[in-house]
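Keep the sequence and the structure in view as you read.

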Amino acid sequence: SRSHPNEPIHRYVELENVGHCPNHEAPHAVGSVLKRWLDNGERSNDNLFLVDGKYQTFNEPWGIITSRELRSSQKHQAIRNPVCGQ
């Protein structure tokens, strides 16, 4: 939870098995995340989740893509301790 009501909510969605152009390599995964964010009137809502469950899997032309949403504290932990090859 946020300490101040006007403190921004940082959202980070990690897509596995994509390169430098995820919108071309994983259009369904990227589109799903963007649609949820755009369809929500209050994008700063703490209860808005951009990924179904802990992980969400998409069958894309390039292969299987797994997405997960990390909140601010989780994002900093993931950057310090990246998980490779999973």
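## Terms first

Strands here are runs of at least two residues that DSSP marks E, numbered from the N terminus. Two strands pair if DSSP finds at least two bridges between them. The model is predicted.

## Strand β3 and its partners

Start with strand β1, residues 12–16, and strand β3, residues 63–70. These two pair in the antiparallel sense, over five bridges.

Now take strand β2, residues 56–60. Five bridges join β2 to β3, and these strands run antiparallel. A hairpin of two residues connects β2 to β3.

## S67, residue by residue

S67 lies in strand β3. Which residue of β3 is the bridge partner of Q56? The partner is S67. L15 also stands opposite S67.

Is S67 buried or exposed? Buried means under 20% relative accessible area. S67 has a relative accessible area of 1%, so S67 is buried.

What does S67 touch, leaving aside its neighbours within four places in sequence? The contacts are V13, E14, L15, V51, K54, Y55, Q56 and F58.

Side chains alternate along β2. Q56, F58 and E60 point to one face and are buried.

F58 has its own place in the pairing: F58 stands opposite I65 in β3.

Conventions
Residues are numbered from 1 along each chain as its sequence is written. This is a predicted model: local features need pLDDT of at least 70, side-chain atom pairs count only at pLDDT 80 or more; totals for chains, interfaces and linings use all residues. Side-chain values use heavy atoms; hydrogens and water are left out. Helices (H or I, at least four residues) and strands (E, at least two) are DSSP runs, numbered from the N terminus. Buried means under 20% relative accessible area, exposed over 50%, partly exposed in between (1.4 Å probe, protein chains only). Contact means heavy atoms within 4.5 Å.
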